[in-house]
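Hello,

Here is the structure I promised to pass on to you. Please open it first, and then read my notes below alongside it.

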Amino acid sequence: MPRTDVDALIVGAGFSGIYMLKRCRELGLRALVIEAAADVGGTWYWNRYPGARCDVESMTYSYSFSDDLQREWTWTERYGKQPEILRYIAHVVERFDLRRDMQFETRVTAAAFDDTSNRWAIETDRGETISAKYCIMATGCLSTPAQPDFKGLDSFEGETYHTGRWPHEEIDFTGKRVGIVGTGSSAVQSIPVIAAEALHLTVFQRTPNFSVPAFHGPLDANVVHMWKTRHQELRERARASRIGDIFEFSETSALDLTPEAREAEFERRWGQGSFNFLGSFADLITSREANVFAVEFAHKKIRGRVDDPAVAELLCPTDHPFGTKRLCVDSDYYETYNRANVSLIDVKAAPIEEITPHGLKAGGKEYELDAIIFATGFDAMTGALLNIDIRGHGGIGFKEKWSDGPRTYLGLAVAGFPNLFTVTGPGSPSVLSNMMTSIEQHIEWIADCMGYMEAHDLATIEADPEAEDKWMDHVTELADGTLFFESNSWYVGANIPGKPRVIYPYVGGVGAYREICDDIAAEGYTGFTLAPAGESVAPAVGA
Ligand code: FAD
Ligand code: N01
């Protein structure tokens with residue numbers, strides 16, 4: 001039976017919503033999770049494309065809140081494969097008996113705050129209305145696929161797929177001519193796997209991305225032992241770090257070293273795999289001059305891995321600074337272009353014109369295909385939130401309030417929308433971090449906040465517009481000191497036509513951000529107005 005009156009309504013059953021439910025239970029709150037998918041998993045439910053896996057190492061890309069959970073679960077590989085991550089998520093849900101408070105195949109369509117009752121009325125596509133004191137949007141930063149509206153798309157007679165909505169059944173590309181649009185992380189992971197199966201794979205690339213090697217493999221028993229015995233200490237290090245992981249981030253400028261010493265450090269970091277390379281020097285993302293060294297180093301690596309010099313040049317990113325688009329982490333991505341059954345088409349020089357019944361036409365040439373894969377990404381960070389008609393004081397909506405870009409306090413709350421929390425929302429480190437660290441930090445902060453509200457018999461908490469303005473100024477000011485705006489990335493909304501060009505995540509780092517959030521809570525929630533039952537909160541100015 002669907003519940004219609006709860007203390008906390010949580011939207012989304014990915015890593016965020018699952019942990020939020022657990023913490024709500026511990027507070028004695030009646031909570032319900034509403035999820036559009038047929039099961040738990042979020043990202044790992046939807047993204048089942050060949051080669052899908054995390055690129056933050058499994059030992060940190062997992063929950064840290066339970067010592068027992070950490071000890072009893074054993075990952076098999078350095079980077080967990082999608083099915084293994086999904087099994088882990090299902091295990092957590094069963095282990096903590098969370099499923100009984102989850103409702104699947106239900107999409108939240110609207111949420112409106114009632115100033116009289118101080119409660120949210122949440123509507124679903126099943127026609128239900130649920131009343132809740134707290135509404136927690138655990139809707140995901142990368143959960144709304146971006147599908148370009150190519151002319152003729154519906155006329156295609158073959159199969160089409162989007163990596164972020166991959167079917168559950170096995171897809172066999174054997175003997176097929178496959179085309180893939182996009183060369184971001186999803187494409188970089190899937191291209192080597194699909195190329196090994198398909199008759200021919202044609203990659204339609206608009207902008208090459210930088211990719212670092214994963215050096216993937218089975219998990220070393222010593223690494224597992226280290227984590228199982230020292231996980232509290234290692235997790236603490238991750239929580240205090242810049243990107244929520246245990247990488248060592250250099251404090252040295254790339255400009256302070258001799259060319260030989262700089263090269264040696266780049267080489268050492270490259271050899272460690274994954275995001276270690278980003279930590280090579282302190283100023284890679286803030287200094288153009290320093291960044292150019294990383295660009296040149298990465299170009300050299302690409303040229304060393306790709307046999308055909310013309311193809312190698314096409315794969316070398318030249319239009320954006322290193323690391324200002326989400327870095328890809330690959331296994332044999334570049335080597336895949338050495339295969340006879342793979343071709344790379346530059347659709348920046350000769351743009352995609354249309355999808356035809358038998359393939360894709362770009363630059364006046366038709367490529368005949370049996371299947372087309374769109375690895376075209378997501379309406380990141382705000383897409384899922386703006387898909388819900390969220391209305392706060394006086395009926396003001398997120399859509400109106402965010403017409404020039406999202407405005408939040410800490411990426412956690414929005415002035416004008418009491419008792420509503422956004423997990424890893426815009427204006428928080430979120431996608432610029434190991435998201436497990438950022439998710440746990442947000443869930444714990446929200447749970448502590450709700451615990452405080454209940455203990456003090458408070459009815460509402462709402463971000464002050466002045467605090468929000470100050471936070472947004474801080475978010476923008478920090479980003480202005482970096483190279484992020486020099487890139488047409490989804491970090492600045494550039495992948496979605498018409499999306500405001502602002503910085504979406506907080507670039508100040510996970511550890512520093514956590515301290516800010518903790519201080520605000522310790523001071524009794526500075527920048528928020530908390531009100532007891534019966535006292536209405538003044539409608540937020542500028543909401
Ligand atoms: P999600 O997992 O996105 O879950 C949100 C859920 O909310 C979804 O299931 C969605 O269906 C549901 N939902 C949204 N709107 C509604 C609605 N209106 N009504 C009902 N339900 C709704 N991060 C890393 O740190 N490291 C990685 O290695 C990494 N790998 C990734 C690989 C891929 C392919 C992708 C796409 C992302 C990856 N990420 C990675 C980011 C990843 O999204 C997060 O790490 C994490 O899984 C997010 O969890 P979440 O619960 O916050 O959101
Ligand atoms: O999407 P993307 P993604 N015509 O936005 C191209 C996470 N993730 O799904 O750059 C032609 O990165 C677009 O081209 P351009 C991770 O955070 C993690 O790959 O806009 N091309 C680009 O090449 C990641 O960043 C993992 O010129 C078009 C591509 O499509 C995020 O999810 C794995 C086009 C989109 O790349 C999104 O990654 C997967 C058009 N009209 C995802 N429109 C891990 O490994 C778009 N493109 C952990």
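Let me begin with M381, which is buried, with a relative accessible area of 3%. Please keep in mind throughout that this is a predicted model. M381 sits in the loop that runs between β16 (371-374) and α10 (383-386). What makes M381 worth a look is its backbone: phi is positive, about 70°, although the residue is not a glycine. As background, most residues other than glycine have a negative phi.

Y525 shows a positive phi too, near 70°, and it is likewise a residue other than glycine. You will find Y525 in the loop between α14 and β20 (528-532). Is Y525 buried or exposed? Its relative accessibility is 4%, so Y525 counts as buried, the cut-off being under 20%.

**The two ligands**

Ligand 1 has 32 residues around it, and S16, E35, T43, Y61 and M435 are the closest. Which helix gives the largest share of the shell around ligand 1? That is α2, with three residues. At least two residues of this shell come from each of α1 (15-26), α2 (43-46) and α12 (435-455). Several polar atoms of the protein lie by the oxygen atoms of ligand 1. In the side chain of Y61, an N or O atom is 2.5 Å from an oxygen atom of the ligand. D55 brings a polar backbone atom to 2.7 Å from an oxygen atom of ligand 1, and for a backbone N or O atom of F15 the distance to a ligand oxygen is 3.0 Å. Ligand 1 on its own exposes 980 Å², of which the protein buries 96%.

Around ligand 2 there are 23 residues, and those that come nearest are S186, Q189, R206, T207 and K325. Helix α5 (residues 185-195) gives the most to this shell, namely three residues. D55 turns up here as well, now through its side chain: a polar atom of that side chain lies 3.2 Å from an oxygen atom of ligand 2. An N or O atom in the side chain of R206 is 2.8 Å from an oxygen atom of ligand 2, while for the side chain of K325 the corresponding distance is 2.7 Å. Taken alone, ligand 2 exposes 910 Å², and the protein buries 87% of that.

H320 belongs to the loop between α9 (309-315) and β11 (328-330). With a relative accessible area of 3%, H320 is buried. Its side chain makes a polar contact of 2.7 Å with the side chain of D319. Beyond its neighbours within four places in sequence, H320 is in contact with T207, P208, N209, F210, K325, E486 and S487.

Y506 is in the loop between α13 (465-480) and α14 (510-522), and it is buried, at a relative accessible area of 2%. What does the side chain of Y506 pair with? A polar contact of 2.8 Å joins it to the side chain of H474. Leaving out residues up to four places away in sequence, Y506 touches a set of residues including G427, P429, L432, W471, H474, L478 and Y513. As for C517, it is 11 residues from Y506 in sequence and 13 Å from it in space, C-alpha to C-alpha.

N118 lies in the loop between β4 (108-114) and β5 (119-124). N118 counts as buried, with 12% relative accessibility.

**A helix with a buried side**

Last comes α7 (residues 259-272), a helix of 14 residues. From its first C-alpha to its last it reaches 20 Å, close to the 20 Å expected at 1.5 Å a residue. Which residues of α7 are buried? They are R262, E265, F266, R269 and W270. These residues cover an arc of only 135° around the axis, which puts them on the same side of α7. Behind this is a general point: an α-helix has 3.6 residues a turn, so residues three or four places apart point the same way. The buried residues of α7 pack against β10 (211-213) and α8 (288-305). Just after the helix, G273 takes a positive phi of about 80°.

Enjoy looking around, and write back with any questions.

Best wishes

Technical notes:
Residues numbered from 1 in each chain as written. Chains lettered and ligands numbered in written order. Heavy atoms only, no water. Helix = DSSP H or I, 4+ residues; strand = E, 2+ residues; numbered from the N terminus. Expected span 1.5 Å × (residues − 1). Buried < 20%, exposed > 50% of the residue type's maximum accessible area, 1.4 Å probe, protein only. Arc of directions from axis to C-beta. Contact = heavy atoms within 4.5 Å. Near = heavy atom within 4 Å. Polar contact = N/O pair within 3.5 Å; in protein donor to acceptor, adjacent residues only side chain to side chain. Areas by Shrake-Rupley, 256 points an atom, 1.4 Å probe, with all protein chains shown as cover.
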